Amino acid sequence: MGFILGSGSPRRLELLGQIGVVPDDVRPPDINEDPAPNELPRPYCARMAREKAAAVIADANDVVLCADTTVALGRRILGKPADAAEAASFLRLMSGRRHRVITAVAVRCGDQLWERDVVSTVRMKSLSDHEIDGYIATEDWCGKAGGYGIQGPAGAFIPWISGSFTGIVGLPLAETAGLLQSAGIAIWKTRSNSQDQP
């Protein structure tokens, strides 16, 4: 049995490492991530995780983990910004308001699928143009849903959350650990044990 991370996100790789899980391979899937017409954020996010898991090429006994993180402002899905101008527009939309961050996780082994999604609420403080311009200049927004990452400089914009911090980062660890254990993946492997191997 091999364990494949179906994501190119360095944050998800780091989070897995926190529970002693190191993938045998990393294979980011290439799928169409456009929402369907009138698709709501939570069903969209769960569909993306399932479709990513289905798209990863793996042997029948390999365990594949994929996830999708979606930022939702009401019914609107804020995806990964195409450029700095769109990232700034997302920040202006969220400024002084609450939004939801949904992360769906799908774990596949052969024809079996285990899945969970976690919804967290995030309040962003009112942002000045100076703060927005300063954050955009860091380029930390690149490749991040909603145009920000809570674990980076934008953490200074977030005075309050309700839910899963690791879910907001991109992989809810409590739920992910449960899914991996259901699929037969051991967690909490100690570094000393792995270093003792020849």
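## The buried pair E39 and R47

Both E39 and R47 are buried, a word used here for residues with under 20% relative accessible area, while exposed stands for over 50% and partly exposed for what lies in between (1.4 Å probe, protein chains only). For E39 the relative accessibility is 16%, and therefore this residue counts as buried. The structure is a predicted model, in which local features need pLDDT of at least 70 and side-chain atom pairs count only at pLDDT 80 or more, whereas totals for chains, interfaces and linings use all residues. Residues are numbered from 1 along each chain as its sequence is written, and side-chain values use heavy atoms, with hydrogens and water left out.

Where in the chain do E39 and R47 lie? E39 is in the loop between β2 (25-26) and α2, and R47 belongs to helix α2 (residues 41-55); helices (H or I, at least four residues) and strands (E, at least two) are DSSP runs, numbered from the N terminus. E39 and R47 form a salt bridge in which the closest N and O atoms are 2.8 Å apart, and the term salt bridge requires a side-chain nitrogen of Lys or Arg within 4 Å of a carboxyl oxygen of Asp or Glu.

## The surroundings of E39 and R47

The side chains of R47 and E39 are also joined by a polar contact of 2.8 Å. A polar contact is a pair of N or O atoms within 3.5 Å; within protein, one of them must be able to donate a hydrogen and the other to accept it, and residues adjacent in sequence count only if both atoms are side-chain atoms. A polar atom of the R47 side chain lies 3.4 Å from the backbone oxygen of D34.

If neighbours within four places in sequence are left aside, R47 is in contact with D34, P35, A36 and E39, where contact means heavy atoms within 4.5 Å. With the neighbours of E39 within four places left aside in the same way, E39 is in contact with Y44, R47 and I77. Between E39 and I77 the C-alpha to C-alpha distance is 9.0 Å, although these two residues are 38 residues apart in sequence.

## Other salt bridges

How many salt bridges does the structure hold? The structure holds nine salt bridges. Side chains of opposite charge can pair when their charged atoms come close. One of the salt bridges is between the side chains of D129 and R92, at 3.6 Å from N to O. D129 lies in helix α4 and R92 in helix α3 (residues 84-94), so this pair ties together parts that are 37 residues apart in sequence. D129 is partly exposed, at 48% relative accessibility, and R92 is partly exposed as well, with a relative accessible area of 42%.

Another salt bridge joins E131 and K125, whose closest N and O atoms are 2.6 Å apart. E131 is partly exposed, with a relative accessible area of 24%, and K125, with 28%, is partly exposed too.

## Aromatic rings

The structure holds one aromatic pair. The rings of Y135 and F157 have centres 5.8 Å apart and planes at 70°, and the pair is therefore edge-to-face. Rings of Phe, Tyr and Trp (its six-membered ring) pair if their centres lie within 6.5 Å, and planes under 30 degrees apart count as stacked, over 60 as edge-to-face and the rest as tilted. This pair links distant parts of the chain, since Y135 is in helix α4 (residues 129-138) and F157 is in the loop between α4 and β7 (160-162), 22 residues apart.

Are Y135 and F157 buried or exposed? Y135 is buried, with a relative accessible area of 3%, and F157 is buried, with a relative accessible area of 7%. A further ring, that of W160, has R98 over its face, at 4.2 Å from the ring centre; a charge sits over a ring if NZ of Lys or CZ of Arg is within 6 Å of the ring centre and within 35 degrees of the ring normal.

## Cysteines

A disulfide is a covalent bond between the sulfur atoms of two cysteines. A search of the whole structure finds zero disulfides, the criterion being a pair of cysteine sulfur atoms within 2.5 Å. C66 is in no disulfide, and the nearest cysteine sulfur, that of C45, is 12 Å away. C66 is buried, with a relative accessible area of 0%. C109 is likewise in no disulfide, and the nearest cysteine sulfur, that of C66, is 13 Å away. C109 counts as buried, at 16% relative accessibility.
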